[in-house]
Amino acid sequence: MAIPVQRADTLQSLERGLAVLQVFSRETPRLTLSEVARMAGVTRATARRILLTLEHLGYVRADGRLFSLTPRVLSLGFGYLSSLNLWDIAQPFMEELVEQTHESCSAATLDLPDIVYVARVPTRRIMTIALSVGSRLPAHATSMGRVLLADLPEAELDAFLASGPFPSCTERTASDPEELGAVLSRVREQGWAMVDQELEMGLRSIAAPIRGTDGRAVAAVNVAAAAARVGLDELHGRFLPLLLETAEQISVAFARSGQR
């Protein structure tokens, strides 16, 4: 059971340090002190102390006026992936699914408002952006995200929907909270999600939940394909049964491993 946390119990300096780490991204890999302060919402003096501390610990490097992350940052996420152990469990099942479909297969967890990739077996490149473990995509516009959103407790889902409207990745994206809520209701009823060119034009995907011993979705697994190569009928008629079987196999193996 989660322990209630009061604001007085939190460590503000740690919050600010994590905020600074999170301003670095693919789009902003190198930043000045002023940029870090502005994006993290802290003063220049605070940003300077945090950056110097992170540099001392080996998580940040300085090149003149520009700061950037070092590979040591990966150790923070690796601890989570190691404890989850999802890749080791899911890999053989995902590889078999790729052999059956000849399309890419990925697994992700939810970190609102995004999903975070925790495993991936690619085939040919079908997206304009490169995806790997640790990549983040908007949950509302992805099949895996919708599977995981649909499994949230009602209060958490309501709070997420209340934060909309959501960014439109393409002209097809369900960005209106009411529309997205209706989509998620269907996903919850059917137990899987299909997205047709809502994340990126030319890309279709279908996803199913990976469940823990308590029946809750701990992750999701998907198959993604180019719309020009795989029609909706094939995605639903041929890929979906294979995907559901794979998700069930991973869920069973996950439960047997002692994970919750």
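First, a working rule: helices (H or I, at least four residues) and strands (E, at least two) are DSSP runs, numbered from the N terminus. I note that this is a predicted model, where local features need pLDDT of at least 70, side-chain atom pairs count only at pLDDT 80 or more, and totals for chains, interfaces and linings use all residues. Residues are numbered from 1 along each chain as its sequence is written, and side-chain values use heavy atoms, with hydrogens and water left out.

**Entry 1: overall**

I looked up the secondary structure and got 9 helices and 8 strands. Buried means under 20% relative accessible area, exposed over 50%, and partly exposed in between (1.4 Å probe, protein chains only). On that scale, 45% of the 260 residues count as buried. I also looked at contacts (heavy atoms within 4.5 Å). Of those between residues at least 6 apart in sequence, 58% join residues at least 24 apart.

Most residues other than glycine have a negative phi, and most peptide bonds are trans. So where are the exceptions here?

- Leu112 and Pro113 are joined by a cis peptide bond, with omega about 10°. I find Pro113 in the loop between strand 3 and strand 4 (114-121).
- Gly164 and Pro165 also have a cis bond between them, with omega about 5°. Pro165 sits in the loop between helix 7 (154-162) and helix 8 (177-190).
- His102 is not a glycine, yet its phi is positive, about 60°. Its spot is the loop between helix 5 and strand 3.
- Gln197 has a positive phi too, near 60°. This residue is in the loop between strand 6 and strand 7, and Gln197 is buried, at 10% relative accessible area.

**Entry 2: charge pairs**

Side chains of opposite charge can pair when their charged atoms come close. I used this rule for a salt bridge: a side-chain nitrogen of Lys or Arg within 4 Å of a carboxyl oxygen of Asp or Glu. How many salt bridges does that give? The count is 10.

One of them pairs Arg136 with Asp111, with 2.8 Å between the closest N and O atoms. Arg136 is in strand 5 (residues 136-138) and Asp111 in strand 3 (residues 104-111), so the pair ties together parts 25 residues apart in sequence. Arg136 is partly exposed at 42% relative accessibility, and Asp111 is partly exposed at 37%. Asp111, Asp114 and Arg136 are linked in a salt-bridge network.

Next, Arg146 and Glu198 meet at 2.5 Å, N to O. Arg146 belongs to helix 6 (residues 143-150) and Glu198 to the loop between strand 6 (193-196) and strand 7 (203-211), so this pair ties together parts 52 residues apart in sequence. Are these two buried or exposed? Both Arg146 and Glu198 are buried.

I also found Asp196 with Arg204, at 2.7 Å, N to O. Asp196 is buried at 16% relative accessibility, and Arg204 is buried at 13%.

**Entry 3: surface**

Accessible areas come from the Shrake-Rupley method with a 1.4 Å probe; for residues, only the protein chains shown count as cover. The chain exposes about 14000 Å², and carbon and sulfur atoms supply 54% of it.

Patches are made of residues with over 30% relative accessible area and no salt bridge: like charges are joined within 9 Å, nonpolar side chains (Val, Leu, Ile, Met, Phe, Trp, Tyr) within 5 Å. Leu11, Leu14 and Leu18 make a nonpolar one of about 290 Å², and Leu14 is in helix 1 (residues 12-22).
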